[in-house]
Amino acid sequence: MIRTTPFHDRTSAANATGLWEHWSGYLVAQRYQLSEKFEYFAIRNSAGLFDSSPLFKYRIHGPDAEHFLAGVLARDIRTCPVGHGQYTAWLDDRGFVIEDGVIFRNGSDDFLLTSAEPNLAYFDALIGRHRVVIDDVSEDSAVLAVQGPKAREILGCLAPEVVGLPYFGLATATIAGAPVTVSRTGYTGDLGYEIWVPAEQALAVWDAVTEAAEGRGVIPIGMVALYMARIEAGLLLLDVDFSSSRYAWTDAHRSTLIELGLGWMVRDLTIDDRSFIGRAALEAELRDKTSRWKLTGLVLDWRDYDRHFDQAGLIPPKDHTPIQDEYYVYDDGGAQIGYATSLMYSPMLQRHIALARVPLDRTRPGSVVKLELPVNHRYEYFDAAVTRLPLYNPDRRTA
Amino acid sequence: MAKTTSAGSRSGGRGAAPSNGRDDANGTDPITNLPDRRASDRTYDAIVIGGGHNGLTNGAYLAKSGMRTLILERRHIVGGAAITEELRPGFWFTTFSYALSLLRPDIIQDLELTKHGFMPLLMPSTFAPMENGDYLLLGQDHGENQREIARHSPHDADAYEAYNHDVSRVLQAIKPLLDAVPPDIFSDDPEELIALATLGSRFRSLDKKVLHDAVRLLTGSAADFLDDYFDSEIIKGYLASSSIIGTKVGPYSQGSGLVLLYHLLGEHDGEFGAWAFHKQGNGGFTKVLARAAQAFGAEIALESPVERVITRDGRAVGVALVDGTEFHAPVVVSALDPRRTFLELVDPRELPSDLVETIERFRFQGTSAKVNFALDGAPRYPALGDRTDQYRGFTNIGPSMEYLERAYDDAKYGWYSKRPYLDCAIQSTIDPDMAPPGKHVMSCFVQYAPYHLRESDWDTEKESLGDTVQATLESFFPGFGDLVLQREIRTPLDIERTVGLSEGNIFAGEFLAPQMFLFRPAPGWSQYRTPIGGYYQCGSGTHPGGCVMGAPGKLAAGQILKDRERARASQRARVAVEA
């Protein structure tokens, strides 16, 4: 039987479509309204409420917690002060990415790591002699993401502590009598927060947030709207833009941190004295320049796009619905040089955009590649410019 | 649907005061890069008269090409008829023009508008109340729309599909005309003959049915066309509403088909006929345009009304402001309507008499008004109980073709409609920054309100028009009047006075076949030039016409740049010969 999240009484009442998806064994709304694009604009113009509860959550604590995490996570956890979070990743010893997630530091030796897939056995097996305990606290708390330009003013009404919270900052507060943790995080590339609330008090927090947001255009948003926002923001999705190296059958399905464009996580390697899993491989990859490609943004040439469809007698489709599937990238000579994994028409950018892997010699912004897309049941080759991620990045995201 | 309007007056004393520095909802800086009028160098490469959307578009393209460009705007804000004003604290009114559709997609790209805040918000529904209390409510779900239409007429469910398909094919065929300078059929220039031949071959290659449908729409009535598809009055009323917007025709009039087609030619994210509400209204949009123009280097001078274009030896050489300041440039572009461009900014004696005659005959006869409301809450439609999601798009008060035609009957004889057609938009349901939480702003486009009233005038009838509109709304939304916090009426006369559009015509000249394409604004002068060298026109009175489309501004810029390149080439040739 599929599970429901602690917000289900509210999300089911709000879901006018009857459309749901399964996320890690939980029912989550695909979209609440007949237009997911309307939900998307809530993220960019007011705020959207997203139920993130199905995330896996691990509490990692004990006197050696920092030392342990410094050795298993690619990004240096020691640089994360108490009351902050970090977007991080963990690698295998060949430098391939297992998964990514956000980790929060609630105390000097008390952390909360989120992930899209179960990782308890993986981390447990690495504890060895460290005085560290990892608890799966996935079901203890519900997570309500409030994402969009109005998120700060709305949450500020409920918890003034939130107003000054820096990007990836963490605050404890009380909302509707519930002890909550609010993090300035999200998966939309916009100003946004996530409220971590004990599961049994989830509904009271939902109600308080919706009441505070009344009349401000804030609506619950489903998976499709979230995917739209995350593609514009260049945020990667497991099993779409990359696969876990733990379960990949071949290296073609594995990606290194550098190849995913996440090399910035380890940019201080020269002064980083940690010994962490994958470090040697990473250093070798950087030294020997063995990266096969790099994940980057593509922006399709709009004139070329329209031309292909006009010539075929079709009205150029500009569909915002994200296509999270593979399309192939070619050079001018018709040789395949990479592939795209997420594609959509961006209403904010007014262009078709994609997340794609291109060879290192094509990563310079403005480099032109060809993206293969079907027109009248035949493949055509569309000009696309390599563009740095994120493709949409409002100042308010971090300001 | 259809959306561009105008009207407005600062006479009420509640106009957004520029001095308070608050000129948009986000409190960002107003557009204020006034050139220094004392500066000795008041010479530019190009001067654009009028800071509406076409003037800004034109100026942005010219600046982008490297020309030192000055845009002169008479009022204290840019936008012309596309402005958003805080006429009550916290309430932002789209005083005149109120939605986007026809804006050419290449302008968004060429001028990099997304970098400057371009944000067309989706309007996810269309709501058409009926006089019997029922309604037609169309949304984003295709299947649900079919069911909703079938509720009114099972026959019309697939008729609606067929209609959309047939019309879309016509739109696909016609659309390229919006993006091209009309050929000059009176010219022997080989380039023009090629353009004409290309146009001819395009039409020859069309499917017979598509061509025939196009001609039926371009010359016939909306009623005849719609009757071929539909049974249901509400469907026909809803669709026919787009056939009258801004134009003195009824749905039964020949010529209404053209207006219908025109309003469907717009697109939003690739969807024909779809409309969007720009963040902060169309004033928000023109601010984006202004920022883009400035980013390319254009200067914008507010509160700089132009008295006249200065000419010397048959060429434009600059402009003189009302206060006597002169700016000089070899290129002067008028974004004003044809009457002002040819009969007021220059001395008609400098123009050929046949052109002057044509412009004097050019029909303006504005026929629309705006009544905008600040509301204490969302109106209640009894059949939908406490729902308000139906207001996230246009609310179309035009429940049948007969309703629309009867509204026109009043206008034919010089009076405003007793039961007017209303195109309403409660924009605060889409953009929460338009009104305080829980409150709303409601824009109502009103038709018919003819500029020329029989035995009265608009200063006398203004409040009465507001009462008529409010009474009409009350009949559909009982209790509406109790919600009204403020009412702003903009008659055609207000449009003329505030925006400068002659006779308050929102398209800067009627959409009538003799005033379109090759003949807009006059035969032989549809290519944005004028008989005065260096003097160009780029307003909605030129091809392809009105609505917040930008095409006239863009196409005119193309002609200016082409002429400039030609002049340079001949200069180079002369130098070469002399050498």
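A residue counts as buried if 20 or more other C-beta atoms lie within 10 Å of its own. By that test, 55% of the 579 residues of chain B are buried. The structure shown is a predicted model.

Figure 1. Chain B holds 17 helices and 21 strands. Its radius of gyration is 23 Å, close to the 25 Å that the globule rule gives for 579 residues, so chain B is as compact as a globular protein of that length. The C-alpha trace of chain B spans about 80 × 60 × 50 Å along its principal axes. Take the contacts in chain B between residues at least 6 apart in sequence: 75% of them join residues at least 24 apart.

**Figure 2. Confidence in the model and in chain B.** The model scores ipTM 0.94 and pTM 0.94. Chain B has a mean pLDDT of 92. In chain B, 93% of the residues reach 70 or more. Residues 1–30 of chain B have pLDDT below 50. Beyond near neighbours in sequence, this stretch still has 79 contacts in the model.

**Figure 3. The side of chain B that touches chain A.** Contact between the chains involves 20 residues of chain B and 22 residues of chain A. Three elements of chain B each supply at least two residues to its side: helix 2 (105–110), strand 5 (120–122) and helix 4 (154–174). By class, the chain B side has seven nonpolar, eight polar and five charged residues.

Figure 4. Strand 6 (residues 126–129) of chain B pairs with strand 7 of chain B in the antiparallel sense. Four bridges make up the pairing. Within it, B:Thr126 stands opposite B:Leu138 in strand 7 of chain B. Five residues lie between the two strands of this hairpin. B:Gly133 sits in the turn and has a positive phi of about 95 degrees.

**Figure 5. Side chains along strand 7 of chain B.** Strand 7 of chain B covers residues 135–138. B:Tyr135 and B:Leu137 point one way from the strand. B:Leu136 and B:Leu138 point the other way. B:Tyr135, B:Leu136, B:Leu137 and B:Leu138 are all buried.

**Figure 6. Where domain 1 of chain B meets domain 2 of chain B.** Chain B is divided into domain 1 (42–120 + 279–361 + 508–572) and domain 2 (154–267). Taken over C-alpha atoms, the centres of these two domains of chain B are separated by 27 Å. The contact takes 21 residues from domain 1 of chain B and 19 residues from domain 2 of chain B. Which helix gives the most to the domain 1 side? Helix 17 (residues 551–578) of chain B does, with four residues. The side of domain 1 of chain B that touches domain 2 of chain B has ten nonpolar, eight polar and three charged residues.

**Figure 7. Chain A as a whole.** Chain A has nine helices and 20 strands. A compact globule of 399 residues would have a radius of gyration near 21 Å, and the 21 Å of chain A agrees. Along its principal axes, the C-alpha trace of chain A spans about 60 × 55 × 40 Å. Of the 399 residues of chain A, 47% are buried. Among contacts in chain A between residues at least 6 apart in sequence, 67% join residues at least 24 apart.

**Figure 8. Domains 2 and 3 of chain A.** Chain A is divided into domain 1 (3–53 + 139–221), domain 2 (56–134 + 256–291) and domain 3 (294–396). The centres of domain 2 of chain A and domain 3 of chain A, taken over C-alpha atoms, are 32 Å apart. Their contact takes four residues from domain 2 of chain A and five residues from domain 3 of chain A. The domain 2 side of this contact in chain A divides into one nonpolar, two polar and one charged residue.

**Figure 9. The surroundings of A:Leu69.** A:Leu69 is found in helix 3 (residues 65–72) of chain A. Is A:Leu69 buried or exposed? A:Leu69 has 27 C-beta neighbours inside 10 Å, so A:Leu69 counts as buried. Not counting residues up to four places away in sequence, A:Leu69 touches A:Ile60, A:Ile77 and A:Phe111. A:Arg279 is 210 residues from A:Leu69 along the chain, and their C-alpha atoms are separated by 14 Å.

Key. Residues are numbered from 1 along each chain as its sequence is written. Chains are lettered from A and ligands numbered from 1 in the order in which they are written. Two residues are in contact if their C-beta atoms, placed from the backbone, lie within 7 Å. Ala, Val, Leu, Ile, Met, Phe, Trp, Tyr, Cys and Pro count as nonpolar, Asp, Glu, Lys and Arg as charged, and the others, Gly among them, as polar. The radius of gyration is taken over C-alpha atoms; the globule rule is 2.2 Å times the number of residues to the power 0.38. A residue is buried if 20 or more other C-beta atoms lie within 10 Å of its own, exposed if 12 or fewer, and partly exposed in between; C-beta atoms are placed from the backbone. Two strands pair if DSSP finds at least two bridges between them. pLDDT is the predictor's confidence in each residue, from 0 to 100. Domain bounds come from an automatic or database domain assignment.
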